[in-house]
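Dear colleague,

Please find the structure below. My notes on two parts of it follow.

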Amino acid sequence: MDLAAALDCAPTGERPRFDLAAGALVGGRCADCGGTAWPARAVCHRCGGADVRLGAFSRTGTLVSCTRVMVSRPGLEAPYVLGQVRVDDGPVVFGQILGLDDTEMVPCPVTVRVDAARYWFTPDPGPDRPQDDAGLHAPTDERQN
Amino acid sequence: MAEDVVVAGVGMHPFGRYPDRSLKDLARVAGLRALLDAGIGPRRVRMVYSSNAMAGMLQGQEMVRGQTVLREIGIEGVPVVNVENACAGGSTAFAQAVMAIRSGAADVVLALGFEKMFVADRSRTLDALESAADLDVVAGLGIQFTAVYGLRLRLRLADGSITRRDLAEVSVKSHANGARNPYAQHQVTVTAEQVLESRCIADPLTLLMCSSICDGAAAVVLARSGVLSQPGRPTVRVLASASGSGFTLDPAGGPSGATLCAERAYEQAGVGPGDVNVAEVHDAMAPAELLYSEALGFCPPGDGARFFRSGATALDGRLPINPSGGLASRGHPVGATGLAQLAELTWQLRGEAGERQVRRPRIALAQNSGGWLEGESAAVNVHLLERMEPWI
(Lines give C-alpha, C1' and ligand atoms only; values in the text may rest on other atoms or scores of the structure.)
Protein backbone atom coordinates (compact mmCIF):
# COMPACT_ATOMS: atom_id res chain seq x y z
CA MET A 1 0.00 0.00 0.00
CA ASP A 2 1.16 3.46 -0.79
CA LEU A 3 2.82 5.38 2.00
CA ALA A 4 0.35 8.20 1.34
CA ALA A 5 -2.33 5.96 2.86
CA ALA A 6 -0.81 6.74 6.26
CA LEU A 7 -1.90 10.34 5.79
CA ASP A 8 -5.47 9.19 6.32
CA CYS A 9 -4.71 6.98 9.31
CA ALA A 10 -7.16 7.39 12.21
CA PRO A 11 -5.91 9.87 14.83
CA THR A 12 -4.02 8.10 17.61
CA GLY A 13 -6.77 8.91 20.10
CA GLU A 14 -9.29 7.02 17.97
CA ARG A 15 -7.28 3.84 17.52
CA PRO A 16 -8.47 1.08 19.85
CA ARG A 17 -5.88 -0.32 22.27
CA PHE A 18 -7.96 -3.00 23.96
CA ASP A 19 -10.53 -5.57 22.96
CA LEU A 20 -12.55 -5.95 26.13
CA ALA A 21 -14.64 -8.85 24.80
CA ALA A 22 -11.57 -10.82 23.79
CA GLY A 23 -9.59 -9.61 26.80
CA ALA A 24 -6.67 -8.75 24.54
CA LEU A 25 -4.42 -5.90 23.46
CA VAL A 26 -5.25 -4.39 20.08
CA GLY A 27 -2.33 -3.14 18.05
CA GLY A 28 -0.98 -2.93 14.55
CA ARG A 29 0.21 -5.75 12.33
CA CYS A 30 1.91 -4.98 9.03
CA ALA A 31 0.22 -6.76 6.15
CA ASP A 32 3.48 -6.69 4.20
CA CYS A 33 6.11 -7.88 6.68
CA GLY A 34 4.15 -9.01 9.74
CA GLY A 35 5.80 -6.52 12.10
CA THR A 36 3.71 -5.80 15.18
CA ALA A 37 3.49 -2.83 17.52
CA TRP A 38 1.36 -1.81 20.47
CA PRO A 39 -0.33 0.60 20.30
CA ALA A 40 -0.78 0.62 16.53
CA ARG A 41 1.28 3.06 14.48
CA ALA A 42 0.59 4.65 11.13
CA VAL A 43 3.73 3.27 9.49
CA CYS A 44 5.42 -0.08 10.07
CA HIS A 45 8.70 0.22 12.00
CA ARG A 46 10.15 -2.83 10.26
CA CYS A 47 9.52 -2.29 6.56
CA GLY A 48 8.34 1.32 6.35
CA GLY A 49 5.09 0.23 4.74
CA ALA A 50 1.70 1.76 5.45
CA ASP A 51 -0.55 -1.29 5.23
CA VAL A 52 -0.85 -1.64 8.98
CA ARG A 53 -3.96 -3.54 10.08
CA LEU A 54 -5.54 -3.23 13.50
CA GLY A 55 -6.10 -6.48 15.33
CA ALA A 56 -6.16 -8.22 18.68
CA PHE A 57 -2.99 -9.99 19.75
CA SER A 58 -2.85 -13.26 21.59
CA ARG A 59 -3.97 -13.27 25.23
CA THR A 60 -0.91 -15.30 26.17
CA GLY A 61 2.71 -14.37 26.41
CA THR A 62 5.98 -14.90 28.20
CA LEU A 63 7.16 -12.77 31.08
CA VAL A 64 10.80 -12.36 30.08
CA SER A 65 11.98 -10.28 33.03
CA CYS A 66 10.50 -8.40 35.95
CA THR A 67 11.46 -6.09 38.79
CA ARG A 68 9.84 -5.23 42.09
CA VAL A 69 9.87 -1.43 42.34
CA MET A 70 10.18 -0.02 45.86
CA VAL A 71 9.66 3.70 45.14
CA SER A 72 6.04 4.90 45.04
CA ARG A 73 4.71 7.11 42.29
CA PRO A 74 1.47 9.09 42.20
CA GLY A 75 -1.35 6.55 42.03
CA LEU A 76 1.05 3.67 42.46
CA GLU A 77 1.96 2.45 45.93
CA ALA A 78 5.25 0.61 46.20
CA PRO A 79 6.01 -2.17 45.97
CA TYR A 80 4.70 -2.88 42.51
CA VAL A 81 5.98 -5.27 39.89
CA LEU A 82 6.89 -4.27 36.34
CA GLY A 83 7.62 -6.79 33.65
CA GLN A 84 8.74 -7.20 30.07
CA VAL A 85 6.35 -9.47 28.20
CA ARG A 86 6.76 -11.08 24.79
CA VAL A 87 3.16 -11.40 23.62
CA ASP A 88 2.68 -14.59 21.60
CA ASP A 89 2.51 -13.66 17.92
CA GLY A 90 2.79 -9.98 18.95
CA PRO A 91 5.19 -7.30 20.14
CA VAL A 92 7.26 -6.89 23.29
CA VAL A 93 5.19 -4.95 25.84
CA PHE A 94 6.10 -3.55 29.24
CA GLY A 95 3.50 -3.43 31.97
CA GLN A 96 2.48 -4.23 35.50
CA ILE A 97 2.41 -7.77 36.71
CA LEU A 98 -0.17 -8.64 39.33
CA GLY A 99 -0.21 -11.80 41.39
CA LEU A 100 3.42 -12.77 40.91
CA ASP A 101 4.46 -13.91 44.37
CA ASP A 102 7.87 -15.24 43.48
CA THR A 103 9.87 -13.19 41.01
CA GLU A 104 12.46 -15.97 40.84
CA MET A 105 9.99 -18.00 38.73
CA VAL A 106 10.59 -15.67 35.78
CA PRO A 107 10.66 -16.37 32.83
CA CYS A 108 7.15 -17.78 32.94
CA PRO A 109 3.91 -17.77 30.93
CA VAL A 110 1.47 -14.93 31.57
CA THR A 111 -2.03 -13.93 30.53
CA VAL A 112 -2.94 -10.50 29.23
CA ARG A 113 -5.62 -8.66 31.23
CA VAL A 114 -7.43 -5.53 30.08
CA ASP A 115 -10.19 -3.25 31.20
CA ALA A 116 -11.54 -0.06 29.68
CA ALA A 117 -8.54 2.04 30.65
CA ARG A 118 -5.55 -0.20 31.28
CA TYR A 119 -3.80 -3.49 30.83
CA TRP A 120 -1.72 -5.72 33.03
CA PHE A 121 -0.46 -9.29 33.13
CA THR A 122 -0.97 -12.17 35.53
CA PRO A 123 1.15 -15.31 35.75
CA ASP A 124 -0.54 -18.45 34.49
CA PRO A 125 -1.34 -20.91 37.22
CA GLY A 126 1.30 -23.60 37.25
CA PRO A 127 1.22 -26.91 39.10
CA ASP A 128 2.60 -25.24 42.23
CA ARG A 129 0.57 -22.05 42.00
CA PRO A 130 -2.88 -21.20 43.40
CA GLN A 131 -5.61 -21.12 40.77
CA ASP A 132 -7.53 -18.07 41.92
CA ASP A 133 -6.70 -14.39 42.04
CA ALA A 134 -7.64 -14.05 45.72
CA GLY A 135 -5.64 -11.45 47.55
CA LEU A 136 -4.83 -9.37 44.49
CA HIS A 137 -5.36 -5.70 44.85
CA ALA A 138 -6.29 -3.75 41.78
CA PRO A 139 -3.89 -0.84 41.36
CA THR A 140 -5.24 2.66 41.36
CA ASP A 141 -5.21 4.17 37.92
CA GLU A 142 -5.17 7.85 38.72
CA ARG A 143 -2.53 8.60 36.11
CA GLN A 144 -3.83 6.35 33.36
CA ASN A 145 -4.97 8.02 30.21
CA MET B 1 38.98 12.47 5.23
CA ALA B 2 36.68 14.70 7.22
CA GLU B 3 38.13 17.81 8.81
CA ASP B 4 40.06 16.96 11.96
CA VAL B 5 38.37 18.16 15.12
CA VAL B 6 40.23 18.55 18.40
CA VAL B 7 39.05 18.92 21.97
CA ALA B 8 40.60 22.28 22.80
CA GLY B 9 39.26 22.77 26.29
CA VAL B 10 37.11 21.09 28.93
CA GLY B 11 35.58 22.25 32.19
CA MET B 12 33.08 21.24 34.83
CA HIS B 13 31.14 22.61 37.72
CA PRO B 14 31.45 19.95 40.42
CA PHE B 15 28.46 17.62 40.49
CA GLY B 16 26.38 17.49 43.66
CA ARG B 17 23.64 19.41 45.47
CA TYR B 18 23.80 23.18 45.04
CA PRO B 19 20.55 24.75 46.24
CA ASP B 20 22.04 28.26 46.23
CA ARG B 21 23.32 28.12 42.64
CA SER B 22 21.17 28.81 39.60
CA LEU B 23 21.43 27.21 36.18
CA LYS B 24 23.44 30.29 35.16
CA ASP B 25 25.88 29.76 38.02
CA LEU B 26 26.44 26.11 37.17
CA ALA B 27 26.80 26.81 33.45
CA ARG B 28 29.07 29.81 34.09
CA VAL B 29 31.64 27.80 36.00
CA ALA B 30 31.73 24.91 33.54
CA GLY B 31 31.68 27.18 30.48
CA LEU B 32 34.38 29.54 31.72
CA ARG B 33 36.62 26.68 32.81
CA ALA B 34 36.37 25.18 29.32
CA LEU B 35 37.20 28.54 27.71
CA LEU B 36 40.13 29.09 30.08
CA ASP B 37 41.35 25.56 29.44
CA ALA B 38 41.24 26.28 25.70
CA GLY B 39 43.02 29.59 26.22
CA ILE B 40 40.29 31.63 24.56
CA GLY B 41 37.75 34.29 25.50
CA PRO B 42 33.99 34.19 24.89
CA ARG B 43 34.25 36.21 21.67
CA ARG B 44 36.25 33.45 19.99
CA VAL B 45 33.30 31.03 20.20
CA ARG B 46 31.53 30.90 16.81
CA MET B 47 28.65 28.58 17.65
CA VAL B 48 27.15 26.86 20.69
CA TYR B 49 25.25 23.64 21.21
CA SER B 50 23.54 23.79 24.57
CA SER B 51 22.21 20.74 26.37
CA ASN B 52 19.60 20.72 29.10
CA ALA B 53 16.80 18.25 29.66
CA MET B 54 14.66 19.36 32.57
CA ALA B 55 14.68 23.14 33.04
CA GLY B 56 11.32 23.36 31.31
CA MET B 57 9.61 21.24 33.95
CA LEU B 58 11.80 22.09 36.94
CA GLN B 59 12.69 25.76 36.49
CA GLY B 60 9.98 26.80 34.02
CA GLN B 61 12.60 27.83 31.46
CA GLU B 62 11.08 25.81 28.64
CA MET B 63 12.69 27.70 25.75
CA VAL B 64 15.96 29.43 24.86
CA ARG B 65 17.72 27.80 27.81
CA GLY B 66 21.13 28.05 26.22
CA GLN B 67 20.84 31.74 25.35
CA THR B 68 19.81 32.58 28.92
CA VAL B 69 22.87 31.02 30.53
CA LEU B 70 25.35 32.00 27.80
CA ARG B 71 24.67 35.75 28.15
CA GLU B 72 26.03 35.39 31.70
CA ILE B 73 29.46 34.55 30.25
CA GLY B 74 29.51 37.02 27.39
CA ILE B 75 28.48 34.71 24.59
CA GLU B 76 25.85 36.46 22.47
CA GLY B 77 25.01 36.94 18.84
CA VAL B 78 26.40 33.62 17.61
CA PRO B 79 24.15 30.72 16.64
CA VAL B 80 22.93 28.85 19.73
CA VAL B 81 21.23 25.53 19.21
CA ASN B 82 19.31 24.08 22.14
CA VAL B 83 19.66 20.32 22.32
CA GLU B 84 17.43 17.96 24.27
CA ASN B 85 18.01 14.22 24.11
CA ALA B 86 17.29 13.11 27.67
CA CYS B 87 20.37 11.69 29.39
CA ALA B 88 22.23 11.68 26.06
CA GLY B 89 21.83 15.43 25.51
CA GLY B 90 25.41 16.30 26.42
CA SER B 91 26.99 13.94 23.93
CA THR B 92 24.41 14.97 21.34
CA ALA B 93 25.57 18.57 21.71
CA PHE B 94 29.16 17.34 21.30
CA ALA B 95 28.24 15.32 18.19
CA GLN B 96 26.52 18.33 16.65
CA ALA B 97 29.56 20.51 17.40
CA VAL B 98 31.78 17.99 15.63
CA MET B 99 29.50 18.09 12.60
CA ALA B 100 29.45 21.88 12.58
CA ILE B 101 33.24 22.00 12.45
CA ARG B 102 33.55 19.19 9.90
CA SER B 103 31.04 20.97 7.68
CA GLY B 104 33.08 24.14 7.76
CA ALA B 105 30.27 26.14 9.37
CA ALA B 106 32.41 27.17 12.35
CA ASP B 107 35.97 26.66 13.56
CA VAL B 108 35.48 27.00 17.34
CA VAL B 109 32.32 25.56 18.90
CA LEU B 110 31.25 25.25 22.52
CA ALA B 111 29.19 22.30 23.74
CA LEU B 112 27.66 23.13 27.11
CA GLY B 113 25.47 20.97 29.35
CA PHE B 114 23.80 22.01 32.60
CA GLU B 115 21.11 20.60 34.85
CA LYS B 116 19.54 21.40 38.18
CA MET B 117 17.55 18.43 39.42
CA PHE B 118 17.29 19.31 43.10
CA VAL B 119 14.05 21.24 43.54
CA ALA B 120 11.77 21.59 46.56
CA ASP B 121 9.41 18.84 45.41
CA ARG B 122 11.26 15.63 44.51
CA SER B 123 8.22 14.17 42.76
CA ARG B 124 8.55 16.84 40.07
CA THR B 125 12.06 15.63 39.32
CA LEU B 126 10.78 12.05 39.09
CA ASP B 127 7.98 13.22 36.76
CA ALA B 128 10.54 14.97 34.56
CA LEU B 129 12.69 11.82 34.44
CA GLU B 130 9.68 9.68 33.54
CA SER B 131 8.96 11.98 30.62
CA ALA B 132 12.05 10.57 28.87
CA ALA B 133 9.70 7.94 27.43
CA ASP B 134 6.69 7.84 25.12
CA LEU B 135 4.08 8.96 27.63
CA ASP B 136 1.30 8.20 25.16
CA VAL B 137 2.27 4.56 25.63
CA VAL B 138 3.68 4.17 29.14
CA ALA B 139 2.26 6.98 31.30
CA GLY B 140 0.92 5.65 34.56
CA LEU B 141 2.76 2.34 34.44
CA GLY B 142 5.34 3.52 36.98
CA ILE B 143 8.29 2.98 34.66
CA GLN B 144 11.21 4.55 36.46
CA PHE B 145 14.74 4.29 35.12
CA THR B 146 15.77 2.16 38.07
CA ALA B 147 13.09 -0.30 36.96
CA VAL B 148 14.34 -0.25 33.37
CA TYR B 149 17.83 -1.27 34.53
CA GLY B 150 16.33 -3.67 37.06
CA LEU B 151 14.55 -5.49 34.24
CA ARG B 152 17.74 -5.73 32.18
CA LEU B 153 19.78 -7.05 35.09
CA ARG B 154 17.16 -9.54 36.26
CA LEU B 155 17.40 -11.22 32.85
CA ARG B 156 21.08 -11.85 33.53
CA LEU B 157 20.66 -12.91 37.12
CA ALA B 158 18.12 -15.44 35.85
CA ASP B 159 20.55 -16.99 33.39
CA GLY B 160 23.35 -16.99 35.96
CA SER B 161 25.84 -14.93 33.93
CA ILE B 162 25.80 -12.16 36.54
CA THR B 163 25.49 -12.57 40.31
CA ARG B 164 24.20 -10.20 42.97
CA ARG B 165 27.76 -10.09 44.28
CA ASP B 166 28.91 -8.73 40.89
CA LEU B 167 26.30 -5.98 41.10
CA ALA B 168 27.69 -4.97 44.47
CA GLU B 169 31.37 -5.25 43.53
CA VAL B 170 31.03 -3.08 40.44
CA SER B 171 29.35 -0.45 42.61
CA VAL B 172 32.27 -0.67 45.04
CA LYS B 173 34.62 -0.02 42.12
CA SER B 174 32.69 2.97 40.83
CA HIS B 175 32.58 4.49 44.31
CA ALA B 176 36.32 3.92 44.76
CA ASN B 177 36.94 5.86 41.54
CA GLY B 178 34.47 8.59 42.45
CA ALA B 179 36.21 9.01 45.79
CA ARG B 180 39.32 10.09 43.84
CA ASN B 181 37.41 12.59 41.71
CA PRO B 182 37.06 16.13 43.11
CA TYR B 183 34.18 16.75 40.67
CA ALA B 184 32.17 13.73 41.86
CA GLN B 185 28.87 13.90 43.72
CA HIS B 186 29.62 10.90 45.93
CA GLN B 187 33.28 11.04 46.99
CA VAL B 188 33.06 8.13 49.37
CA THR B 189 34.14 4.50 49.29
CA VAL B 190 31.71 1.72 50.14
CA THR B 191 31.94 -2.02 50.80
CA ALA B 192 30.03 -4.73 48.97
CA GLU B 193 28.13 -5.42 52.18
CA GLN B 194 27.06 -1.79 52.46
CA VAL B 195 25.89 -1.87 48.85
CA LEU B 196 23.88 -5.06 49.31
CA GLU B 197 22.40 -3.91 52.61
CA SER B 198 21.37 -0.47 51.36
CA ARG B 199 17.68 0.09 50.63
CA CYS B 200 16.20 -1.80 47.68
CA ILE B 201 15.09 0.59 44.92
CA ALA B 202 14.00 -1.76 42.14
CA ASP B 203 15.06 -5.37 42.56
CA PRO B 204 17.94 -6.23 42.17
CA LEU B 205 19.16 -2.62 42.43
CA THR B 206 19.91 -1.08 45.80
CA LEU B 207 20.39 2.58 46.63
CA LEU B 208 24.19 2.53 46.44
CA MET B 209 24.11 1.06 42.93
CA CYS B 210 22.02 3.93 41.53
CA SER B 211 22.81 7.41 40.34
CA SER B 212 20.90 10.02 42.29
CA ILE B 213 19.34 13.41 41.75
CA CYS B 214 22.16 15.85 40.96
CA ASP B 215 23.03 19.41 39.97
CA GLY B 216 25.99 20.21 37.74
CA ALA B 217 27.40 21.40 34.45
CA ALA B 218 30.10 20.39 31.99
CA ALA B 219 31.50 22.02 28.87
CA VAL B 220 33.82 21.23 25.98
CA VAL B 221 35.41 23.59 23.46
CA LEU B 222 35.89 21.90 20.09
CA ALA B 223 38.01 23.40 17.33
CA ARG B 224 39.17 22.66 13.84
CA SER B 225 42.63 21.19 14.07
CA GLY B 226 45.30 23.88 14.01
CA VAL B 227 43.18 26.95 14.72
CA LEU B 228 43.89 27.14 18.46
CA SER B 229 47.53 26.57 19.30
CA GLN B 230 48.23 24.92 22.62
CA PRO B 231 52.00 24.48 22.77
CA GLY B 232 53.31 22.03 25.31
CA ARG B 233 50.04 20.21 25.80
CA PRO B 234 49.03 16.85 24.30
CA THR B 235 46.45 17.15 21.52
CA VAL B 236 43.20 15.22 21.89
CA ARG B 237 41.35 14.70 18.65
CA VAL B 238 37.93 13.31 17.84
CA LEU B 239 38.51 9.98 16.16
CA ALA B 240 34.84 9.08 15.70
CA SER B 241 31.41 10.47 16.44
CA ALA B 242 28.43 8.16 15.99
CA SER B 243 24.81 8.73 16.96
CA GLY B 244 21.62 6.72 16.89
CA SER B 245 18.10 6.61 18.18
CA GLY B 246 15.97 3.92 19.72
CA PHE B 247 13.94 1.33 17.87
CA THR B 248 11.14 -1.13 18.45
CA LEU B 249 12.41 -4.34 20.03
CA ASP B 250 12.26 -7.36 17.79
CA PRO B 251 10.59 -10.13 19.81
CA ALA B 252 13.23 -12.48 18.39
CA GLY B 253 16.01 -10.32 19.85
CA GLY B 254 18.89 -8.50 18.22
CA PRO B 255 21.78 -6.15 18.90
CA SER B 256 21.28 -3.17 21.18
CA GLY B 257 21.37 0.42 20.01
CA ALA B 258 24.64 0.90 21.88
CA THR B 259 26.21 -2.00 19.96
CA LEU B 260 25.08 -0.71 16.58
CA CYS B 261 26.30 2.80 17.42
CA ALA B 262 29.67 1.55 18.69
CA GLU B 263 30.17 -0.53 15.54
CA ARG B 264 29.70 2.60 13.44
CA ALA B 265 32.16 4.50 15.63
CA TYR B 266 34.79 1.78 15.35
CA GLU B 267 34.35 1.66 11.59
CA GLN B 268 34.65 5.44 11.33
CA ALA B 269 37.85 5.42 13.39
CA GLY B 270 39.38 2.33 11.83
CA VAL B 271 39.94 0.80 15.24
CA GLY B 272 38.33 -2.02 17.20
CA PRO B 273 37.18 -2.41 20.78
CA GLY B 274 40.51 -4.04 21.57
CA ASP B 275 42.27 -0.74 20.81
CA VAL B 276 40.35 1.19 23.49
CA ASN B 277 42.49 2.04 26.53
CA VAL B 278 39.92 3.76 28.76
CA ALA B 279 36.14 4.16 28.59
CA GLU B 280 33.31 6.10 30.19
CA VAL B 281 30.03 4.20 29.81
CA HIS B 282 26.48 5.14 30.70
CA ASP B 283 26.08 3.42 34.06
CA ALA B 284 23.04 5.28 35.40
CA MET B 285 23.03 2.25 37.70
CA ALA B 286 26.60 1.07 38.34
CA PRO B 287 25.99 -2.56 37.27
CA ALA B 288 25.13 -1.35 33.76
CA GLU B 289 28.90 -1.33 33.22
CA LEU B 290 28.72 -5.13 33.04
CA LEU B 291 26.17 -4.98 30.24
CA TYR B 292 27.92 -2.21 28.31
CA SER B 293 31.27 -4.03 28.40
CA GLU B 294 29.55 -6.61 26.24
CA ALA B 295 27.50 -4.21 24.14
CA LEU B 296 30.58 -2.16 23.25
CA GLY B 297 32.59 -5.25 22.34
CA PHE B 298 35.13 -5.08 25.19
CA CYS B 299 34.32 -8.70 25.98
CA PRO B 300 32.18 -11.42 24.38
CA PRO B 301 28.40 -11.41 24.95
CA GLY B 302 27.59 -12.92 28.33
CA ASP B 303 31.11 -12.33 29.67
CA GLY B 304 30.61 -8.88 31.25
CA ALA B 305 30.79 -10.14 34.82
CA ARG B 306 33.79 -12.37 34.10
CA PHE B 307 35.55 -9.46 32.41
CA PHE B 308 34.88 -7.28 35.45
CA ARG B 309 35.97 -9.97 37.93
CA SER B 310 39.31 -10.26 36.08
CA GLY B 311 40.12 -6.72 37.19
CA ALA B 312 40.32 -5.51 33.58
CA THR B 313 38.06 -2.52 34.23
CA ALA B 314 39.77 -1.28 37.41
CA LEU B 315 41.88 1.90 37.32
CA ASP B 316 45.03 -0.24 36.93
CA GLY B 317 43.39 -2.79 34.64
CA ARG B 318 43.73 -3.47 30.95
CA LEU B 319 40.68 -1.33 30.06
CA PRO B 320 39.69 0.96 32.93
CA ILE B 321 35.97 1.77 32.79
CA ASN B 322 34.47 4.87 34.39
CA PRO B 323 37.60 6.20 36.10
CA SER B 324 35.51 9.27 36.98
CA GLY B 325 33.23 7.15 39.12
CA GLY B 326 30.65 6.92 36.36
CA LEU B 327 27.13 8.23 36.55
CA ALA B 328 26.42 6.38 39.78
CA SER B 329 29.26 8.03 41.72
CA ARG B 330 30.41 11.08 39.75
CA GLY B 331 26.74 12.03 39.45
CA HIS B 332 24.20 12.28 36.66
CA PRO B 333 22.83 15.78 36.08
CA VAL B 334 21.05 14.64 32.95
CA GLY B 335 21.95 17.26 30.33
CA ALA B 336 25.57 17.56 31.52
CA THR B 337 26.50 13.90 31.85
CA GLY B 338 27.64 13.21 28.31
CA LEU B 339 30.01 16.19 28.38
CA ALA B 340 31.35 15.20 31.80
CA GLN B 341 32.31 11.84 30.29
CA LEU B 342 34.16 13.57 27.47
CA ALA B 343 35.85 15.99 29.87
CA GLU B 344 37.05 13.08 31.98
CA LEU B 345 38.43 11.22 28.98
CA THR B 346 40.22 14.36 27.79
CA TRP B 347 41.90 14.71 31.19
CA GLN B 348 42.81 11.01 31.08
CA LEU B 349 44.33 11.27 27.60
CA ARG B 350 46.31 14.37 28.56
CA GLY B 351 47.51 12.79 31.79
CA GLU B 352 45.75 15.38 33.94
CA ALA B 353 43.38 13.11 35.88
CA GLY B 354 45.22 13.27 39.17
CA GLU B 355 44.71 10.41 41.60
CA ARG B 356 42.43 8.57 39.18
CA GLN B 357 44.83 8.77 36.20
CA VAL B 358 44.96 5.53 34.24
CA ARG B 359 48.15 4.29 32.64
CA ARG B 360 49.14 6.06 29.43
CA PRO B 361 45.89 5.80 27.44
CA ARG B 362 45.92 6.58 23.73
CA ILE B 363 42.35 5.83 22.65
CA ALA B 364 39.27 6.57 24.77
CA LEU B 365 35.60 5.72 24.27
CA ALA B 366 32.54 7.52 25.63
CA GLN B 367 29.09 5.97 25.44
CA ASN B 368 26.09 8.05 26.51
CA SER B 369 22.49 6.86 26.25
CA GLY B 370 19.23 8.62 26.98
CA GLY B 371 15.53 8.05 27.32
CA TRP B 372 13.65 4.83 26.90
CA LEU B 373 11.42 3.48 24.13
CA GLU B 374 10.00 0.28 25.64
CA GLY B 375 13.25 -1.59 25.90
CA GLU B 376 15.77 0.47 23.95
CA SER B 377 17.39 3.76 24.82
CA ALA B 378 15.76 6.59 22.87
CA ALA B 379 19.13 8.15 22.00
CA VAL B 380 22.73 6.97 22.00
CA ASN B 381 26.08 8.50 21.09
CA VAL B 382 29.48 6.85 20.99
CA HIS B 383 32.62 8.95 20.67
CA LEU B 384 36.23 7.89 20.28
CA LEU B 385 39.00 10.29 21.26
CA GLU B 386 42.69 9.91 20.53
CA ARG B 387 45.82 11.36 22.07
CA MET B 388 47.99 12.40 19.14
CA GLU B 389 51.40 12.65 20.80
CA PRO B 390 53.16 9.59 22.22
CA TRP B 391 53.53 9.36 25.98
CA ILE B 392 57.07 10.22 27.04
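**Annotated domain in chain A**

UniProt, in an unreviewed entry, lists residues 57-106 of chain A as "domain: ChsH2 C-terminal OB-fold". Please keep in mind that the model is predicted. Over residues 57-106 of chain A, the chain is 46% strand and 0% helix.

Strand 8 of chain A covers residues 108-114. Of its 7 residues, 5 are buried, so the strand is mostly covered, with buried taken as under 20% relative accessible area.

Strand 8 of chain A pairs with strand 5 of chain A (residues 60-69) in the antiparallel sense, over 4 bridges. In this pairing, Val110(A) of strand 8 has Gly61(A) opposite.

Strand 9 of chain A (residues 119-123) also runs antiparallel to strand 8 of chain A, and 5 bridges join the two. Here Tyr119(A) in strand 9 stands opposite Val114(A). Strands 8 and 9 of chain A form a hairpin, with 4 residues between them.

**A loop residue in chain B**

Thr313(B) is in the loop that runs between helix 12 (304-309) and helix 13 (326-330) of chain B. Is Thr313(B) buried or exposed? Its relative accessible area is 1%, so Thr313(B) counts as buried.

Apart from neighbours within four places in sequence, Thr313(B) is in contact with Lys173(B), Glu289(B) and Ser293(B), with Phe307(B) and Phe308(B), and with Leu319(B), Pro320(B) and Ile321(B).

Regards

Methods
Residues numbered from 1 in each chain as written. Chains lettered and ligands numbered in written order. Predicted model: local features only at pLDDT ≥ 70, side-chain atom pairs only at ≥ 80, totals over all residues. Heavy atoms only, no water. Buried < 20%, exposed > 50% of the residue type's maximum accessible area, 1.4 Å probe, protein only. Pairing = 2+ DSSP bridges. UniProt positions renumbered as here; feature names shortened; annotations may be inferred. Contact = heavy atoms within 4.5 Å.
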